[in-house]
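Subject: Structure handover

Hello,

Here is the structure for you to look through. My notes on it follow below.

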Amino acid sequence: MRSLVMDYEIQATQKKLDERKQKWWEWHKKNPDVYKLFVKYSFEAINSGRRRYSQWAIINRIRWNKEVETTGCDEFKISNDHIAFYARLFHAHHPQYSDFFLVKQLKEEKEISQYEQINLYTSGF
């Protein structure tokens with residue numbers, strides 16, 4: 001029998017993840033030049049012969065080498081919370097390079113997986 005507490009935790013964590021994605025998406029729509037530069041610099045890396053690269057390096061290049069006017073982000077021009085979403089969007093738009101960036105589970109995705117594993121383990125008792 002699935003734990004009601006675990007079901008609640010999964011739902012709450014999924015809600016956090018959905019809110020995080022929505023926050024990024026709203027920011028992304030307000031700052032389309034960031035993704036354009038992300039794609040440009042990613043293809044520069046690909047065309048230089050790299051088979052894998054760091055999405056953090058791409059974002060830091062945008063941060064430090066270009067003057068990008070952004071809105072909707074108080075502390076940084078580009079929040080670290082957005083980096084993983086840019087790599088995932090690049091992979092979605094360019095599936096032939098789906099392994100170019102190493103994409104790990106987001107914190108919330110990892111927590112949901114852990115809750116589901118606990119549910120599977122405890123359901124046998």
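**A buried loop serine**

Ser 79 is buried, with a relative accessible area of 14%. The cut-off for buried is under 20%. Please keep in mind that this is a predicted model. Ser 79 sits in the loop between helix 3 and helix 4. A polar atom of its side chain lies 3.1 Å from the backbone nitrogen of Asp 81.

**Overall make-up**

The protein has five helices and zero strands. Read from the N terminus, the order of elements is α-α-α-α-α. The protein has 125 residues, and 35% of them count as buried. Now take the contacts between residues at least 6 apart in sequence. Of these, 71% join residues at least 24 apart.

Val 5 belongs to helix 1. Val 5 counts as exposed, because its relative accessibility is 53% and the cut-off for exposed is over 50%.

**Helix 3**

Helix 3 covers residues 55–65. Which of its residues are buried? They are Gln 55, Ile 58, Ile 59, Ile 62 and Arg 63. Viewed down the axis of helix 3, these buried residues fall within an arc of 135°, so they line one face of the helix. The face turned away from the buried side of helix 3 carries Trp 64 and Asn 65, which are exposed. The cover over the buried residues includes helix 2 (32–47) and helix 4.

A side-chain oxygen of Ser 54 reaches to within 3.1 Å of the backbone nitrogen of Trp 56.

Two packed helices are described by the angle between their axes and the distance between the axes. Both values are given for each pair below.

Start with helix 3 and helix 4. Their axes come within 9 Å and cross at roughly 110°. The range for roughly perpendicular is 65 to 115 degrees, so helix 3 and helix 4 count as roughly perpendicular to each other. From helix 3, the contact uses Gln 55, Trp 56, Ile 59 and Arg 63. From helix 4, it uses Ile 83, Tyr 86 and Ala 87. By type, the residues of this contact between helix 3 and helix 4 are five nonpolar, one polar and one charged.

Next comes helix 1 (residues 4–30) with helix 4 (residues 83–93). Their axes are 10 Å apart, and the packing angle is about 75°. Helix 1 and helix 4 are therefore roughly perpendicular to each other. Helix 1 brings Arg 20, Lys 21, Trp 24, Trp 27 and His 28 to the contact. Helix 4 brings Phe 85, Tyr 86 and Leu 89. The residues of the contact of helix 1 with helix 4 split into five nonpolar, one polar and two charged.

Tyr 86 of helix 4 meets residues of helix 3, and Tyr 86 also meets residues of helix 1.

Is Asn 31 buried or exposed? Asn 31 counts as buried, because its relative accessibility is 2%. Asn 31 lies in the loop between helix 1 and helix 2. A polar atom of the Asn 31 side chain lies 2.8 Å from the backbone oxygen of Trp 27.

Best regards

Notes. Residues are numbered from 1 along each chain as its sequence is written. This is a predicted model: local features need pLDDT of at least 70, side-chain atom pairs count only at pLDDT 80 or more; totals for chains, interfaces and linings use all residues. Side-chain values use heavy atoms; hydrogens and water are left out. Axes are lines fitted to C-alpha atoms, for helices over the stretch in contact, and angles run from 0 to 180 degrees between N-to-C directions. Helices (H or I, at least four residues) and strands (E, at least two) are DSSP runs, numbered from the N terminus. Angles under 35 degrees count as roughly parallel, over 145 as roughly antiparallel, 65 to 115 as roughly perpendicular and the rest as oblique. Contact means heavy atoms within 4.5 Å. Ala, Val, Leu, Ile, Met, Phe, Trp, Tyr, Cys and Pro count as nonpolar, Asp, Glu, Lys and Arg as charged, and the others, Gly among them, as polar. Buried means under 20% relative accessible area, exposed over 50%, partly exposed in between (1.4 Å probe, protein chains only). The arc is that of the directions from the helix axis to the C-beta atoms. A polar contact is a pair of N or O atoms within 3.5 Å; within protein, one must be able to donate a hydrogen and the other to accept it, and residues adjacent in sequence count only if both atoms are side-chain atoms.
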